[in-house]
Amino acid sequence: MECRAAASAMVAASSPSFLSPICSPTGSFSSSPPPGTIVSPCAACKILRRRCVDKCVLAPYFPPSEPLKFTIAHRIFGASNII
């Protein structure tokens, strides 16, 4: 048992830093993707050509895979009324 713990500690210590989880200063884990990962903007931000922030209010309703859903709603209601 002790050999496994020591071996896993050595592997963890020798692994590259980009594979380790990202920690915030408070010690809790961050949910942001690792550096270098490209996250697609939601369909609303993609169509409106704006930067999609982490807490975009439209992202849960208009995923990047369904741009037609936002296009139809935008034509009927307008972006400011949807928000």
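How many aromatic pairs does the structure hold? In this predicted model, the count comes to one aromatic pair. The partners are Phe62 and Phe70, whose ring centres lie 5.1 Å apart. Their planes meet at 80°, so the arrangement is edge-to-face, since an angle over 60 degrees places a pair in that class. Both partners are shielded from solvent: Phe62 is buried, with a relative accessible area of 8%, and Phe70 is likewise buried, at 0%.

The overall architecture of the protein chain is helical, with four helices and zero strands. Read from the N terminus, the order of elements is α-α-α-α. Of the 83 residues in the protein chain, 13% count as buried. The chain exposes about 7000 Å² of surface, and carbon and sulfur atoms supply 63% of that area.

Attention now turns to the interior. In soluble globular proteins, nonpolar side chains tend to be buried together. In the present model, the largest nonpolar core has nine residues, namely Cys42, Ala43, Ala44, Cys45, Cys56, Leu58, Phe62, Phe70 and Ala73. Two elements give two or more residues to this core: helix H2, spanning 43-48, and helix H3, spanning 67-77. The largest share comes from H2, which provides three residues. Both members of the aromatic pair, Phe62 and Phe70, belong to this core.

Cysteine is also represented in the core, through Cys42, Cys45 and Cys56. Apart from its neighbours within four places in sequence, Cys56 is in contact with Cys42 and Cys45. The reason can be followed from the distances between sulfur atoms, because a disulfide requires two cysteine sulfurs within 2.5 Å. For Cys42, the closest cysteine sulfur is that of Cys45, at 3.5 Å, which is too far for a bond. For Cys52, the closest cysteine sulfur also belongs to Cys45, and the separation of 3.7 Å is again too far for a bond.

Cys52, by contrast, is partly exposed, with a relative accessible area of 25%.

Technical notes: Residues numbered from 1 in each chain as written. Predicted model: local features only at pLDDT ≥ 70, side-chain atom pairs only at ≥ 80, totals over all residues. Heavy atoms only, no water. Buried < 20%, exposed > 50% of the residue type's maximum accessible area, 1.4 Å probe, protein only. Phe/Tyr/Trp six-rings, centres within 6.5 Å; stacked < 30°, edge-to-face > 60°. Core = buried A, V, L, I, M, F, W, Y, C linked by side-chain atoms within 4.5 Å. Contact = heavy atoms within 4.5 Å. Areas by Shrake-Rupley, 256 points an atom, 1.4 Å probe, with all protein chains shown as cover.
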